[in-house]
Amino acid sequence: MSDHDRLLALIAEAKEASAVERIRDEALEKQKLVPALFASIPSLPPGERKARGQEANELKRSCEELLAACKAWFENQALASERSGAGFDATIPGKRPERGSLHPLTRVTRELEDLFTSMGYVVLDGPEVELDWYNFEALNIPRDHPARDMQDTFRCDPQGNVVLRTHTSPGQVRAMERMQPPFRAIVPGKVFRQETTDASHEHTFHQMEGLVVGRDLSVGHLIGTMKTLLRGVFGKELEVRLRPGYFPFVEPGFELDARCPFCTDGCSVCKRSTWVELLPCGMVHPNVLRAGGIDPEVWSGFAFGLGLSRLVMLRYGIDDVRHLLSGDLRFLEQFA
Ligand code: PHE
């Protein structure tokens, strides 16, 4: 049998394009049919070499053509059978695309936005890179005031006129500038502090500011609003208590605590006290109303600064604030 015939015999056994490829590798690349022919040339008498060389080239070319044609035939066959639909099962489920889900912070923010808009509040946004004026000065915290030490601030310029907002309270003054009283507004968003991070401290976290400006507002209105807020978040009535709290932009200022939603006799969430500290708040200081262009003789207001990150942690039993912005899918997938 000649080399050529042997090749034909091999091809006759092939059943698909990949088999033809394997034959090609064997016959033309490795030390098989055609390479052996080339290898024999140097050992021939000089007069015969040319003829053998031509023969070998001829064989190589015709083998290649043959193999290419076979491969194309198999490929066409495969395509035709795929197109005919034979063997296609339309009932096999397709691949499901991976689906994302809302971040727990986004969920709680949206829920609270629904709750507050249903009570006539507008939702406002404010810049995360803020002027010192809005973050401190207009909030009754002048340059040399010790209250500035309560919030370790990232400064953006050497003069200290531009800061990363340390709380959402600058939203109070911006709201006053944008709206005519009476009005109600919430300002959810990211805030930044130069913290040493641990399970309960993060340099970037979320708050939701609330501000109501109207006539003759009292601490009673404030407490009523806070109780409604807590009912919305925890789905049940929680007892609250007020402690005095110092914030230069409210007078009087409070820390509003709620009964721990998870226990009756002390647990790790409430640090065995049965109270959780949730809502700093108070009646808007006249200086702040003035800074926002509102006459404190006519109008009064109350404000609160809900710790959104903390609330989300309480709500979902998250034990480390650093999970929230970690981007770790193992954490996020639990909320899908
Ligand atoms: N902005 C204050 C803080 O982050 C909280 C606060 C808001 C207090 C509104 C009173 C009124 O600490």
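Okay, let's start at the ligand: one of its oxygen atoms sits 3.0 Å from an N or O atom in the side chain of Arg 193. I'm calling that a polar contact, meaning a pair of N or O atoms within 3.5 Å; within protein, one must be able to donate a hydrogen and the other to accept it, and residues adjacent in sequence count only if both atoms are side-chain atoms.

Quick housekeeping. This is a predicted model, where local features need pLDDT of at least 70, side-chain atom pairs count only at pLDDT 80 or more, and totals for chains, interfaces and linings use all residues. Residues are numbered from 1 along each chain as its sequence is written, and side-chain values use heavy atoms, with hydrogens and water left out.

On the nitrogen side, His 167 has a side-chain N or O atom 2.9 Å from a ligand nitrogen, and Ser 169 puts a polar side-chain atom 2.8 Å from a nitrogen of the ligand. How much of the ligand does the protein cover? The figure is 94% of the 330 Å² of accessible area that the ligand has on its own (Shrake-Rupley, 1.4 Å probe; for residues, only the protein chains shown count as cover).

There are 15 residues around it, and His 167, Ser 169, Arg 193, Gln 207 and Glu 209 come nearest; near here means a heavy atom within 4 Å. By class, that shell is seven nonpolar, six polar and two charged. Strand E9 gives the most, with three residues.

Now the space itself. A pocket, on a 1 Å grid over the protein atoms alone, is an open set with protein on both sides within 12 Å along at least five of seven lines; a cavity is a set of points where a 1.4 Å probe fits but cannot get out; lining residues have an atom within 4 Å of a point.

The largest pocket has 47 lining residues, with Ser 200, Phe 205, Glu 277, Gly 307 and Arg 310 nearest its centre. Here strand E8 gives the most, eight residues. The lining splits into 23 nonpolar, 15 polar and nine charged.

Elsewhere, the second largest pocket comes out at about 210 Å³, and its lining includes Glu 98, Arg 99, Leu 329 and Phe 335.

Conventions
Helix = DSSP H or I, 4+ residues; strand = E, 2+ residues; numbered from the N terminus. Nonpolar A, V, L, I, M, F, W, Y, C, P; charged D, E, K, R; others polar. Points joined across faces, edges and corners; volume = space filled by probe spheres on them.
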